[in-house]
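I opened the model to look up its sheet, its helix packing and a few single residues.

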Amino acid sequence: MEKILSAIAEPNRLNIIELLRGGPCTVGEIAEHLRLRQPQVSKHLRVLCEAKLVEVHPMANRRIYKLHVQGLKEIDSWFDSFRHLWEDRLDQLEDCLKELQRKEKGE
């Protein structure tokens, strides 16, 4: 998990993830869209591949990059472990608001 979080902590890599959410892209397409040089994009993609967030598929002399579903599932599972905390707090807030409303109507 640490490798994944470290990978997406860098803004350009997060932008690449966002871009690939729309579908597969080549290095050139990513570079053009994000206005980065191809060597920079290649380095970012290597980090994302190592974190298993992106996968590459060679096609002739081009490399097509797309999101790697398993890496994204790992992030979702990690966030899911915290969801119950928020749900409990929201339930407590709802109870508190209902109590305040009851007090206002009783006055």
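The entries below go from the record to the sheet, then to the helices and single residues.

**Entry 1. Model and record**

I noted at the start that this is a predicted model. I looked up the UniProt annotation, which comes from an unreviewed entry and reads "domain: HTH arsR-type" over residues 1-89. For residues 1-89 I read 67% helix and 16% strand. The end C-alpha atoms of that stretch are 25 Å apart.

**Entry 2. The sheet**

I asked in which order the strands of the sheet lie. The order is β1-β3-β2, in an open sheet of three strands with antiparallel pairing. β1 (25-26) and β2 each have a single partner strand and stand at the edges, so one side of each has no neighbour in the sheet.

I then took the two pairings in turn. As a reminder to myself, strands of a sheet pair through backbone hydrogen bonds, either parallel or antiparallel. β1 and β3 run antiparallel and are joined by two bridges. In that pairing, C25 stands opposite Y65 in β3. Helix α2 (residues 11-20) packs on the sheet and touches β1, β2 and β3. The direction of α2 makes about 90° with that of β3.

For the other pairing, I found six bridges between strand β2 (residues 54-59) and strand β3 (residues 62-67), again in the antiparallel sense. E55 stands opposite K66 in β3.

β2 and β3 form a hairpin, with two residues between them. I checked A60, which lies in the loop between β2 and β3. A60 is not a glycine, yet its phi is positive, at about 55°. I kept this on the list because most residues other than glycine have a negative phi. Is A60 buried or exposed? The relative accessibility of A60 is 83%, so A60 counts as exposed.

R35 went on the list as well, with a positive phi near 55° in a residue other than glycine. R35 is in the loop between α3 (27-34) and α4. Its relative accessibility is 77%, and R35 therefore counts as exposed.

**Entry 3. α1 against α2**

I looked up how the axes of α1 and α2 lie: they come within 5 Å and cross at roughly 95°. The two helices are therefore roughly perpendicular to each other, since angles of 65 to 115 degrees count as such. On the α1 side I listed S6, A7, I8 and A9, which meet P11, R13, L14 and I17 in α2. Sorted by class, this contact has six nonpolar, one polar and one charged residues.

**Entry 4. α1 against α5**

I repeated the check for helix α1 (residues 2-9) and helix α5 (residues 69-106). Their axes come within 10 Å, and the crossing is at roughly 100°. α1 and α5 are therefore roughly perpendicular to each other. I4, L5 and I8 in α1 meet G71, E74, I75 and W78 in α5. By class, I noted five nonpolar, one polar and one charged residues in the contact of α1 with α5.

H44 is in helix α4 (residues 38-50). Is H44 buried or exposed? H44 counts as buried, because its relative accessibility is 11% and the cut-off for buried is under 20%. Which residues does H44 contact, leaving aside its neighbours within four places in sequence? They are E10, N12, R13 and I16.

S42 is partly exposed, with a relative accessible area of 31%.

**Entry 5. Two C-alpha separations**

I looked up the separation of S42 and E94, which are 52 residues apart along the chain. Their C-alpha atoms are 48 Å apart. L93 is found in helix α5 and counts as partly exposed, at 46% relative accessibility. C25 is the residue I had noted opposite Y65 in β3.

Notes:
Residues numbered from 1 in each chain as written. Predicted model: local features only at pLDDT ≥ 70, side-chain atom pairs only at ≥ 80, totals over all residues. Heavy atoms only, no water. Pairing = 2+ DSSP bridges. Helix = DSSP H or I, 4+ residues; strand = E, 2+ residues; numbered from the N terminus. Axes fitted to C-alpha atoms, helices over the stretch in contact; angles between N-to-C directions. Parallel < 35°, antiparallel > 145°, perpendicular 65-115°, else oblique. Contact = heavy atoms within 4.5 Å. Nonpolar A, V, L, I, M, F, W, Y, C, P; charged D, E, K, R; others polar. UniProt positions renumbered as here; feature names shortened; annotations may be inferred. Buried < 20%, exposed > 50% of the residue type's maximum accessible area, 1.4 Å probe, protein only.
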